[in-house]
Amino acid sequence: MFDLTAKLKTTIKGEVASDAETLKRYSRDTSLFEVKPQAVVFPADRADIESLVRFVNEHKPAEPSLSLTARSAGTDMTGGPLNDSIILSLTEHLNRVDRVDEENLEAVVEPGVFYRDFEEKTLPKHISLPTYPASKSIAALGGMIANNSGGEKTLRYGKTADYVKEMEVVLADGESYTLKSLSPDELEEKKKQTDFEGELYRRTHDLLENNFDIIQKARPDVSKNSAGYALWRVWDRQHFDLTQLFCGAQGTLGIITKAKLRLIKDKPKRRLIALFFNNWDELPAVVNALLPHDPEGLEAFDDETLKLGLRFMPEIAKRAGRNFFAFAWQFWPEVLIGIKMLGLPKLIVLVQLAEDSEQAIDIKTAEIKRALAGFRVHYRVLLTETEANKYWVMRRQSFALLREHVKGKKTAPFIEDFCVKPEVIPEFLPQAIAILREHGIKVNIAGHAGNGNFHIIPLMDLRRQSERDKITVVADKFYDLVVKYKGSITAEHNDGIIRTPYLEKMYGTEIYDIFRQVKQIFDPQNIFNPGKKIGGDIAYLKSHIAKD
């Protein structure tokens, strides 16, 4: 009999657990799904991960279900870190910040570092990694890299892949390698090697070069995308950079053990302008009017999210570290605006400004005011961080509030991360909402208005089979609509269990087959996080929806 736990304990220095409580905890993330692993390991270091890969390679022929799935904080909304074999939990030991270099604006980190701990080391130096998600208080850097995360500053600064300079990864042969951008001459030297690494570079370069035009054409015409493998970022005939393949790959090609990250200098002066809309119709024109003025972010949330914030204002105040009555009083100006608008706004957009001086931010504020002239939009300029924070807490905590407080229903993130061009939002969104309403699904909407990336969070009673059955029916219609508008089915949350079955719908058979070949090159025995990006199907998705 194959005693997996016993064998793993003799394989690594770190801990191994297979008790019921641990397996239950690692069966869930923040997605719809529950997948029970056979064992959870807590590797002590990179050598342990190398040993685990060699262990799986050795035993895979006799035990075909063996695989490895890396997990950091477990905040993923797609089922990305869930697997029914071996989970590698990285936050316990691989959680070191090796260095933060203020002069060269870079840091070297392990994947299990929580963003909040990393931020404690960077913010005093007035530098940062600006691609954090709304869940930055509980997210870890490994997951941010594996999902190619973005957030409220993506509009100005881009996504996580833009900040990864180098990676240390364990590949399918159980050895560690450093990935970084290579010149064509450096690439040719790699291809001359007669080992696993040389073969990997040869086959990958040949695949990308032989399909160069169709790969470049397949790049989604939106500003944010985490669907599939970002092949168009790997080879542009001037640079060959496998870090861009691993960013967003959800641990399906190897296991990241270290990353060198580029940082930015923080702008010391900040200001928030809150815009209040009666409908969504003017949003694209307002966004287009504001984008030339380079706001740091354009974040949005709808009236349902606002109602949620008002309903749970005592908790919002607590999370903001404020006295409830003082916090509530801060909304008096918004009450007056509501009176002018004859009710709650249908949409609130937060325009975040960040500049190097008070003078510069005053100039930028004046420019924004002029840009808004002529639009039927009310606005407030929030001059203090305390005032601005009330909105950021509401925006960042909306998903958590839904998850924690809505009785009888739970948040069901399955069409929650689409991205289309901002100009088509007024046309796209009513059709998207109609699909959900047709199936009796109520939603809240928030997201990144400047990128056309919105998060629709349905509320559903997943204890009922009839509700669970809606998920794939609605997703199929919803993603047909996204494809019709030439968007991405996931801008920043990635594919996981929930969207892998729809990647061929988005990209077509030819590109999906290239994705499949990439997986085969890097992971010929399918040992790394199987069923994500490649090989996931609707039947597996439906059978693993959690019922509680």
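Asparagine 148 sits in the loop between helix H5 (141-147) and helix H6 (154-157). Helices (H or I, at least four residues) and strands (E, at least two) are DSSP runs, numbered from the N terminus. The structure is a predicted model, in which local features need pLDDT of at least 70, side-chain atom pairs count only at pLDDT 80 or more, and totals for chains, interfaces and linings use all residues. Residues are numbered from 1 along each chain as its sequence is written, and side-chain values use heavy atoms, with hydrogens and water left out.

Asparagine 148 is not a glycine, yet its phi is positive, at about 55°. Most residues other than glycine have a negative phi. Asparagine 148 counts as buried, at 9% relative accessibility. Buried means under 20% relative accessible area, exposed over 50%, and partly exposed in between (1.4 Å probe, protein chains only). Asparagine 526 also has a positive phi of about 55°. Its place is the loop between helix H22 (509-522) and helix H23 (538-543). Asparagine 526 is partly exposed, at 33% relative accessibility.

Strand S2 (residues 39-42) is covered on both faces. Ala39 and Val41 are buried on one side, Val40 and Phe42 on the other. In a regular strand the side chains alternate between the two faces of the sheet. Strand S2 pairs with strand S1 (residues 15-17) in the antiparallel sense, over three bridges. Two strands pair if DSSP finds at least two bridges between them. Glutamate 15 stands opposite phenylalanine 42 of S2. Strand S4 (residues 86-89) pairs with S2 in the parallel sense, over three bridges. There, alanine 39 has isoleucine 86 of S4 as its bridge partner.

Helix H11 (residues 283-290) packs on helix H16 (residues 358-372) at an angle of about 145°, with the axes 9 Å apart. Axes are lines fitted to C-alpha atoms, for helices over the stretch in contact, and angles run from 0 to 180 degrees between N-to-C directions. Val286, Ala289 and Leu290 of H11 make the contact with Ile368, Ala371 and Leu372 of H16. Contact means heavy atoms within 4.5 Å. Helix H16 also holds lysine 364. Lysine 364 is buried, with a relative accessible area of 10%. Neighbours within four places in sequence aside, lysine 364 is in contact with Arg156, His293, Asp294, Leu353 and Glu355.

A search of the whole structure finds 19 aromatic pairs. Rings of Phe, Tyr and Trp (its six-membered ring) pair if their centres lie within 6.5 Å; planes under 30 degrees apart count as stacked, over 60 as edge-to-face and the rest as tilted. Tyrosine 201 and phenylalanine 240 form a tilted pair, at 5.7 Å centre to centre and 50° between the planes. Tyrosine 201 lies in helix H8 (residues 196-210) and phenylalanine 240 in strand S10 (residues 240-241), so the pair ties together parts that are 39 residues apart in sequence. Tyrosine 201 is buried at 2% relative accessible area, and phenylalanine 240 is buried at 0%.

Phenylalanine 428 and phenylalanine 478 form an edge-to-face pair, at 6.0 Å centre to centre and 90° between the planes. This pair links helix H18 (residues 425-438), which holds phenylalanine 428, to helix H19 (residues 465-484), which holds phenylalanine 478, 50 residues apart. Phenylalanine 428 is buried at 0% relative accessible area. Phenylalanine 478 is buried at 0%. Both rings belong to one aromatic cluster, formed by Trp280, Phe418, Phe428, Phe454, Phe478, Tyr479, Tyr485 and Tyr502.
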